[in-house]
Structures are given as structure tokens and as C-alpha cells.
Amino acid sequence: MGDQRNDERRTRLSPDERRAQLVAIGVQALADHSLDELTIERLSQRAGVSRGLLFYYFGSKQGFHREVVRAARDGLLRATEPDLDLAPLDRLHATLSNLVRFVREHEDTFFSLVRGAASGDREVREVVQQARALQMERLRVVCEELGIPDTAMLRMTLRSWVAFAEESLVDGVLVSELSPEELVDFLERTLFAVVPCVDPAYRKRLRPDVAASS
């Protein structure tokens, strides 16, 4: 009787709802498995549906991976959405704090996103690169509000720092015993250290106490 009710609930879902449900299950599965381990067989067992249904919605394992990574990326970006009502440096601090919190609460999801940048699937890599590009743009806006000009060198520096920050968070959360406050402080100090490499004059536009200790 219980199985019949479950079947009835499944049939009441629209195609879009069913697809979203399967993607959500895939994102949840990242808590236990890497992206490479997220197979159609494993997900079909977890979702209680046939392999054929998954192929119907996603076409292939790669198609499913792309949607799962896209959903995980969107969750990360929502969790780190800047508060535009805050002053630039306060906004940066809040955003980094939210980023560290997300990584600590969703370690395996974040790890899969970072490793997705090296995926053999071009579209999976593009999904991750889109997240990096947006994170870089958020930093560029902060710099612009601080009076730091938008240049190709600045953008290159910020892109490099975003990749550095990702690897630092993987090590800082999964390997070390650093507290959230220590991680945020480290990310701030490294960012405030590399931006003046573009032009030493930019150091004066950063928070004096952090700039002095960089």
C-alpha cells in the first residue's frame, strides 16, 4: 500500500518537477560521493526510479553531471550573494564569511565544484568557470568602489586569487583545523596582499590595519 502511494505521488509530478527532484537528489548525493562516483545506476537506486527515466531527462551521465554541478553552483552563488547595502569592505567580509560557512556546511559539494573545473567534460568545466567569473566580478566591483581602476592586470589578479581561495578553502576546511574566523581573516589578508601587486598605490585604498599587516 505504501509503495502504491509513493508511485501515485511520483506520477503527480510534472516533468519539470521530476527533473528538479532528480537534480536535487544528485546534489544531496555529493555529500557522500564525488562527481565521478555519481553514476546513473547509483542515482536511480537512490531516487527509486529506473535508469531509463534518468537517461530520458538527462541524456547521459555527463548531462546529469552538468545539471548537478549547475545546481550546486547556483546554491553556492545564492549563499554568497553580496549585500549591496553594506560598505564595500564590510560587504567583502560578509561575503567571505558566507563563503566559508557554505564550504563548512557543504564540504563535499564544494569539493566537487572545485574539482569540476578539471572535469573531462567541457560543459561541466564551463559551469564552474561561470561561477569563478561571477566571483571575480563581485571582487572587481568592490575594488572599483574603493577607487581601484578596472584593468586587465587587476582582472587577471582577481581570477588567480579566486582559484587560490578555492584550493585554500578545500585545505582549510577539509584538512586543517582553522576556525571560520581564521579562514576569513586569511582570505582577506591574501586578497589585500595581491591587489597591491598590480599597483602599490592601491594599498592605501584598503583597510589600513589589514594593509599594514600584509
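Modeller: Start with contact, which means heavy atoms within 4.5 Å. This is a predicted model, in which local features need pLDDT of at least 70 and side-chain atom pairs count only at pLDDT 80 or more, while totals for chains, interfaces and linings use all residues. Residues are numbered from 1 along each chain as its sequence is written, and side-chain values use heavy atoms, with hydrogens and water left out.

Biologist: Which residues does Gly26 contact, leaving aside its neighbours within four places in sequence?

Modeller: Gly26 is in contact with Leu38, Leu43, Phe64 and Val68. Gly26 and Phe64 are 38 residues apart along the chain, yet their C-alpha atoms are separated by 8.4 Å. Gly26 itself belongs to helix α2, residues 15-29.

Biologist: What makes a run of residues a helix here?

Modeller: Helices are DSSP runs of H or I with at least four residues, strands are runs of E with at least two, and both are numbered from the N terminus. The chain has eleven helices and zero strands.

Biologist: Why is Gly26 called buried?

Modeller: Its relative accessible area is 0%. Buried means under 20%, exposed means over 50%, and partly exposed lies in between, with a 1.4 Å probe and protein chains only. Gly26, at 0%, is therefore buried. Of the 214 residues of the chain, 42% count as buried.

Biologist: Why is Val114 also called buried?

Modeller: Val114 has a relative accessible area of 5%, so Val114 counts as buried. Val114 lies in helix α7, residues 107-116. Apart from neighbours within four places in sequence, Val114 contacts Arg132, Glu166, Glu167 and Val170. Val114 and Arg125 are eleven residues apart in sequence and 9.6 Å apart from C-alpha to C-alpha.

Biologist: How do you know whether Leu187 is buried or exposed?

Modeller: The relative accessible area of Leu187 is 1%, so Leu187 is buried. Leu187 sits in helix α10, residues 180-198. Not counting residues up to four places away in sequence, Leu187 touches Leu96, Val100, Trp161, Ala165 and Leu169. One of these, Leu169, is 18 residues from Leu187 in sequence and 9.0 Å away, C-alpha to C-alpha.

Biologist: What makes a group of residues a nonpolar core?

Modeller: The members are buried Ala, Val, Leu, Ile, Met, Phe, Trp, Tyr and Cys residues joined through side-chain atoms within 4.5 Å. The largest such core has 53 residues, and Phe110, Leu158, Trp161 and Leu191 have the most contacts inside it. With residues up to four places away in sequence left out, Trp161 touches Leu96, Leu139, Leu187, Thr190, Leu191 and Val194.

Biologist: Why are α5 and α8 called roughly parallel?

Modeller: Helix α5, residues 61-79, packs against α8 at about 15°, with the axes 8 Å apart. Axes are lines fitted to C-alpha atoms, for helices over the stretch in contact, and angles run from 0 to 180 degrees between N-to-C directions. Angles under 35 degrees count as roughly parallel, over 145 as roughly antiparallel, 65 to 115 as roughly perpendicular and the rest as oblique. The pair α5 and α8 is therefore roughly parallel. By class, this contact of α5 with α8 has eight nonpolar, three polar and five charged residues.

Biologist: At what angle do α6 and α8 cross?

Modeller: The axes of α6 (residues 88-105) and α8 (residues 122-145) come within 9 Å and cross at roughly 160°. That is why α6 is called roughly antiparallel to α8. Pro88, Arg91 and Leu92 of α6 meet Leu139, Val141, Val142 and Glu145 of α8.

Biologist: What is the hand of the crossing of α6 and α10, left or right?

Modeller: The crossing of α6 and α10 is right-handed. A crossing is left-handed if the near helix is turned anticlockwise from the far one by less than a right angle, and right-handed if clockwise. The crossing of α6 and α8, by contrast, is left-handed.

Methods
Nonpolar A, V, L, I, M, F, W, Y, C, P; charged D, E, K, R; others polar.
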